Amino acid sequence: MADELSKVFAALADPTRRDMVARLARRDATVGELAEPYDVSVQAISKHLKVLEESGLVSRSRDAQRRPVHLEAEVFDLMTKWIERYRREAEERFRRLDDLLARMDREVSAPSGTRTADLERGAS
């Protein structure tokens, strides 16, 4: 059984499901409303919705005769935390690389003899 984060990323791997999530971010919709722009059957849309429901991205409620589908936006917090962690690590790596390149640039652009003098000072 996949963990919650894996289910969410797997559900969003499909472009139709991502489009459905984007539409549900604007407003709730029924299965029929969600199926309108696609050239697929309502059953196919229901299968996509089932995947989104199992991942926790959407839920359905009952409103008289309608069963609107809701986007469960708090699931994005889980994704955001995961992505943010690796974004920070990547930025730290780039910052260290920038520092190294700046140091190398200063060494190359320094007048000749400076580096030798620096090395001699460090050696003593």
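What percentage of contacts in the chain between residues at least 6 apart in sequence join residues at least 24 apart? The share is 47%, where contact means heavy atoms within 4.5 Å.

This is a predicted model, in which local features need pLDDT of at least 70 and side-chain atom pairs count only at pLDDT 80 or more, while totals for chains, interfaces and linings use all residues. Residues are numbered from 1 along each chain as its sequence is written, and side-chain values use heavy atoms, with hydrogens and water left out.

View 1. Welcome to the overview! Along the sequence the pattern reads α-α-α-α-β-β-α-α; helices (H or I, at least four residues) and strands (E, at least two) are DSSP runs, numbered from the N terminus. The average pLDDT, the predictor's confidence in each residue from 0 to 100, is 89 for the chain, and 88% of the residues score at least 70. Confidence is highest in H2, at 97, and lowest in helix H6 (residues 114-123), at a mean of 56. Where pLDDT is low, the predicted coordinates should not be read in detail.

**View 2. The largest nonpolar core has 21 residues.** Such a core is a set of buried Ala, Val, Leu, Ile, Met, Phe, Trp, Tyr and Cys residues joined through side-chain atoms within 4.5 Å. Leu34, Ile45, Leu49, Leu52, Leu57 and Val58 have the most contacts inside this core. Two or more residues each come from helices H1 (4-11), H2 (15-26), H3 (31-35), H4 (42-55) and H5 (75-109), and from strand S2 (69-71). Take a moment with Leu52: setting aside neighbours within four places in sequence, Leu52 touches Ala11, Arg17, Met20, Val21, Leu57 and Val58. Across the chain of 124 residues, 22% count as buried, meaning under 20% relative accessible area, with exposed over 50% and partly exposed in between (1.4 Å probe, protein chains only).

**View 3. Helix H1 has the buried residues Leu5, Val8 and Ala11.** These residues lie on the same side of H1, because they cover an arc of only 130° around the axis; the arc is that of the directions from the helix axis to the C-beta atoms. The buried residues of H1 pack against H2, H4 and H5.

**View 4. Arg60 and Glu53 form a salt bridge.** In a salt bridge, a side-chain nitrogen of Lys or Arg lies within 4 Å of a carboxyl oxygen of Asp or Glu, and the count here comes to nine. For Arg60 and Glu53, the closest N and O atoms are 3.4 Å apart. Arg60 is partly exposed at 25% relative accessibility, and Glu53 is partly exposed at 31%.

**View 5. In helix H5, Glu92 meets Arg95 and Arg96.** The N to O distance is 3.1 Å for Arg95 and Glu92, and 4.0 Å for Arg96 and Glu92. Arg95 and Glu92 are three residues apart, about one turn of the helix; Arg96 and Glu92 are four residues apart, also about one helical turn. An α-helix has 3.6 residues a turn, so residues three or four places apart point the same way. Relative accessibility is 32% for Glu92, 45% for Arg95 and 49% for Arg96.

**View 6. A network of salt bridges links Glu84, Arg87, Arg88 and Glu91.** Side chains of opposite charge can pair when their charged atoms come close.
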